[in-house]
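Hi there,

Here is the structure I promised to pass on. Have a look at it first, and my notes follow below.

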Amino acid sequence: MRAAVDYAIELEKMFLAYRLAQALMPFWVFRGMNANEAVQQLEKIASVPAPESLSEERYKILLHLARFYHYTPHAPKAIPIFEECLAYWRQKEDQKNIGLVLNDFGFHIMRDGKYEESNVYSLEAKSIFEKLSHKERLVASINNIGMSYMWRGRPLEAIPYFRKNLDLTQELGDNRRNAQALINTAYCNRMMDELELAEEQLQESLITFQKGSSRIFEETALLFISYVYHEYGEYEKCRDLSFEIEQLAKETRTVFALGSSLERRAMAEYGLGNLEEAKSNIEKSREILNISLDSFYDIATVSHALITWGMEDYSLFRSICNDLLSRDLNEGNYTCIIPGLEYSALELSLIHISEP
């Protein structure tokens, strides 16, 4: 397939190159999610000038490229592409493609904690697809809105959107997206300490992802299950699962899963009393995840604070607390602010105890 793409470009048969890329999308997305492979091929295709007659096909390829940048260390490259695609389709007054770009743009900027801006895009996309009666694309808009609340630590506001998607995807017979809605519902239940229900839902979604070879969603389900194991105090099971997540992440080359597998291992080692191993893994995790201030980096930062407290490294602990408390509250994201306040209270208690 790589040779076929190269051959089409060499002969300047760009319509064929675009068709090949479109045909490969399901493979890249659902049967491996190898972002690097997709990016390499799409960058190569997009770099070739296209005749005016193929402009629409080229902009569809550019949108795919921006989507895949999301899962690589080169995520910032996606922003100008999204902006260019949105401007093009707005000029064309093509509502369906405007909605597609808005959905993907809204999802992408959540990684930078821009939840309110993300909702603006997602709500516009939702309105478009409701008017078009396009339920398949409406699912993505609703999912984005739910996730924007979930990642801000507001599960009660997120769950109604995921429940709506459970109904929609069941109606559509879309098992994969139904499992996505279920996994997000499970994460919210875990946030509300409904651990048994969360684990049951996660295991159910995991079976669907494994049957469909949806690798990125498989590693996400395993990651969320590891959170539940940790909260049960089953640290060895959490650690074992972190190695499985890491192996998947190395195959798919998805940054969030690789960094999060190390964060989970760090917290498991911390729970087992292996502080040096915990320290080593959490430092590696934050280094990998520090490509943007997304939710998984926030989780790793909170874990790092807890580990440094356990190791009595109070200078570093204070620095991390300040990092947590420096997050912008304008987006209503309390997932770091609240732990930052709690940990700062611990520090104050330590200072008080140490006073004469």
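This is a predicted model: local features need pLDDT of at least 70, side-chain atom pairs count only at pLDDT 80 or more; totals for chains, interfaces and linings use all residues.

Now to the helix itself.

Which residues of helix 11 are buried? They are L195, A198, E199, Q201, L202, S205, L206 and F209. Viewed down the helix axis, these buried residues fall within an arc of 165°, and therefore they line one face of helix 11. On the face turned away from that buried side you will find the exposed residues E196, E200 and K211. As for what covers the buried residues of helix 11, helix 10 (175-191) and helix 12 (215-232) are included.

The other spot I would like to show you is S303, which sits in helix 16 (residues 295-310). Is S303 buried or exposed? Its relative accessibility is 7%, and because buried means under 20%, S303 counts as buried. Setting aside neighbours within four places in sequence, S303 is in contact with E263, R264, M267 and I282. With one of these, E263, there is also a polar contact: the side chains of S303 and E263 are joined at 2.5 Å.

Note on methods: Residues are numbered from 1 along each chain as its sequence is written. Side-chain values use heavy atoms; hydrogens and water are left out. Buried means under 20% relative accessible area, exposed over 50%, partly exposed in between (1.4 Å probe, protein chains only). Helices (H or I, at least four residues) and strands (E, at least two) are DSSP runs, numbered from the N terminus. The arc is that of the directions from the helix axis to the C-beta atoms. Contact means heavy atoms within 4.5 Å. A polar contact is a pair of N or O atoms within 3.5 Å; within protein, one must be able to donate a hydrogen and the other to accept it, and residues adjacent in sequence count only if both atoms are side-chain atoms.
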